[in-house]
Amino acid sequence: MTNRDATPWATIATLLLAATLPALSGGIVNPVLPAIEAAFSSVSNAGVLAQLVSTLTGLIIAIFAPIIGVLVDRYGRKRVLIVSMIIYGIGPSSAYFLDSLYLILGTRVFLGIAVAGIMVSVTTLIADYFSGKRRETVMGWQGAMMPFGAAVAMVAGGVLADFNWRIVFLTYLVALLMLPLVVRFVDEPEVDTASDSSLPSVAELREILAELPLAFLTGVYLTMFIGMIGYNQINVEIPFYLQTVTSVGGTMTGIAIAIVSVVAGLVSLNFDRLRERFSPIGIIAGIFAAAGIGFVVASVTESYWIIVVGIVIAGAGLILLTPTINYWVAARVTERYRGRALSGVTTTQFLGMFVSPIAAEPLISRLGTGQALLAIGVLGFALMALFAFVALRRRATPDAPSATQPND
């Protein structure tokens with residue numbers, strides 16, 4: 001593709017369809033976890049193992065994303081995407097036929113590897129195909145696929161759960177239906193990738209590290225990790241908080257989380273407009289401001305709808321971390337090492353989501369859920385102040401479309 005910003009709409013649509021698969025991977029199985037626990041009630045620790053059917057995938061993604069990043073840079077983006085979609089379709093869907101909870105857990109390892117491959121390769125392809133405002137726009141669309149896909153997956157999983165919990169696992173076969181679209185409409189971009197399949201020597205490794213902005217990457221990875229710990233509180237703690245404080249049932253709790261997903265998706269669609277007006281570091285300051293406001297609002301009331309307003313504000317802010325940091329990393333890292341750098345975003349994103357219940361537990365045990373949410377909100381304001389200070393210091397630097405521009 002010589003003119004990347006003129007990429008056909010069929011290619012864009014195919015990549016965005018592939019970007020919905022990570023959201024489907026976890027959201028659709030969550031409604032059937034109680035049924036899985038009941039089906040294997042004779043197994044020791046069935047409840048914990050059933051929850052791992054959902055959460056194990058995030059840990060596997062975090063572990064394998066850096067490996068995927070190397071493969072994407074070494075063997076090509078399209079090849080990794082195709083293999084990942086095949087694994088996605090075959091691996092987890094085999095759980096439909098299994099009568100062992102441990103074997104079902106084993107299929108989630110394949111799912112985690114596949115999701116890591118899909119996320120890293122799709123993000124890298126978008127970064128390769130586009131530049132400037134067009135890249136901002138498409139990355140915003142990609143960011144919206146996660147919450148939109150999660151909302152659809154939760155509803156679909158609930159409907160399928162009423163029939164048979166095993167049917168849910170067959171939904172992963174949709175990746176195989178998408179595969180011909182990837183083969184037909186996704187082209188391997190002409191980028192400078194490493195052709196040698198051997199492990200890098202010490203000298204080559206030093207060269208790689210010298211070319212990467214390590215301090216910058218460390219900062220954005222840590223930002224993503226902290227932000228995802230906060231974002232996942234909406235999924236793992238808010239449902240319990242809502243039912244305890246407002247006495248609502250599961251339906252109203254599900255509606256609240258679905259509202260967050262839909263609004264977050266709509267906000268993500270407008271990432272390019274935000275990027276027109278603000279630098280990435282300015283957007284991140286706003287993200288943590290929204291998180292601070294949202295969690296504080298949710299923590300100081302017992303009204304269902306005010307809590308919903310609070311978590312919508314927090315979720316709509318924090319969802320922007322993914323397109324913002326993906327865009328920022330893509331702008332700062334050369335094509336040769338872009339896959340590896342973007343894989344770090346995926347790793348820290350899912351590692352933060354995986355450890356979020358563990359990270360929040362000491363606060364909840366000591367202060368209670370309401371006060372813990374208040375503390376998270378205060379942390380959000382502190383991070384807002386930090387990023388706002390840095391943004392103001394760099395405000396005088398002119399913004400330029402270069403991949404190494406200071407404002408990016």
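This is a predicted model: local features need pLDDT of at least 70, side-chain atom pairs count only at pLDDT 80 or more; totals for chains, interfaces and linings use all residues.
Residues are numbered from 1 along each chain as its sequence is written, and side-chain values use heavy atoms, with hydrogens and water left out. The secondary structure of the chain comes to 19 helices and zero strands, where helices (H or I, at least four residues) and strands (E, at least two) are DSSP runs numbered from the N terminus.

**Overall fold**

- Of the 408 residues in the chain, 52% are buried, a class that means under 20% relative accessible area, with exposed meaning over 50% and partly exposed in between (1.4 Å probe, protein chains only).
- Among contacts in the chain with a separation of 6 or more, 85% are accounted for by residues 24 or more positions apart, contact meaning heavy atoms within 4.5 Å.

**The cavity**

- One cavity of 30 Å³ or more is found in a search of the whole structure; on a 1 Å grid over the protein atoms alone, a cavity is a set of points where a 1.4 Å probe fits but cannot get out, and lining residues have an atom within 4 Å of a point.
- The largest cavity holds about 130 Å³ of space, a volume being the space filled by probe spheres set on the points, with grid points joined across faces, edges and corners.
- Its lining consists of 14 residues, of which Met119, Thr123, Gln142, Met146 and Thr322 are the closest to the centre.
- At least two lining residues of the largest cavity come from each of helix H6 (101-129), helix H7 (132-161), helix H17 (321-332) and helix H18 (338-367), and H6 gives the most, with four residues.
- The lining of the largest cavity divides into seven nonpolar, seven polar and no charged residues, where Ala, Val, Leu, Ile, Met, Phe, Trp, Tyr, Cys and Pro count as nonpolar, Asp, Glu, Lys and Arg as charged, and the others, Gly among them, as polar.

**Packing of H11 against H17**

- Helix H11 (residues 214-236) packs with H17 at an angle of about 170°, and their axes are 11 Å apart; axes are lines fitted to C-alpha atoms, for helices over the stretch in contact, and angles run from 0 to 180 degrees between N-to-C directions.
- H11 and H17 are therefore roughly antiparallel to each other, given that angles over 145 degrees count as roughly antiparallel, under 35 as roughly parallel, 65 to 115 as roughly perpendicular and the rest as oblique.
- On the H11 side the contact is made by Phe216, Leu217, Val220, Thr223, Met224, Gly227 and Met228, and on the H17 side by Leu321, Thr322, Ile325, Trp328, Val329 and Arg332.
- By class, this contact of H11 with H17 has nine nonpolar, three polar and one charged residues.

**Buried residues in helices**

- Thr223 lies in helix H11 and counts as buried because its relative accessibility is 8%; leaving aside neighbours within four places in sequence, Thr223 is in contact with Ile284, Phe288, Leu321, Ile325 and Phe387.
- Leu318, in helix H16 (residues 304-318), counts as buried at 2% relative accessibility, and, not counting residues up to four places away in sequence, Leu318 touches Gly227, Met228, Gly230, Tyr231, Ile287, Phe288, Ala291 and Phe295.
- The C-alpha atoms of Leu318 and Ala291 are separated by 6.5 Å, although these residues are 27 residues apart along the chain.
- Leu342 has its place in helix H18 and counts as buried at 1% relative accessibility; its C-alpha atom is separated by 6.5 Å from that of Val120, 222 residues apart along the chain.
- With neighbours within four places in sequence left aside, Leu342 is in contact with Thr123, Thr124, Ala127, Asn326, Val329 and Ala330.
- Ser54, found in helix H4, is buried with a relative accessible area of 18%, and, residues up to four places away in sequence not being counted, Ser54 touches Val29, Asn30 and Leu33.

**Exposed and partly exposed positions**

- Asn45 is placed in the loop between helix H3 (33-39) and helix H4 (46-75), where Asn45 is exposed with a relative accessible area of 59%.
- Although Asn45 is not a glycine, it has a positive phi of about 60°.
- Ala13, in helix H1 (residues 9-19), counts as partly exposed at 39% relative accessibility.

Terms used. On a 1 Å grid over the protein atoms alone, a cavity is a set of points where a 1.4 Å probe fits but cannot get out, and a pocket is an open set with protein on both sides within 12 Å along at least five of seven lines; lining residues have an atom within 4 Å of a point.
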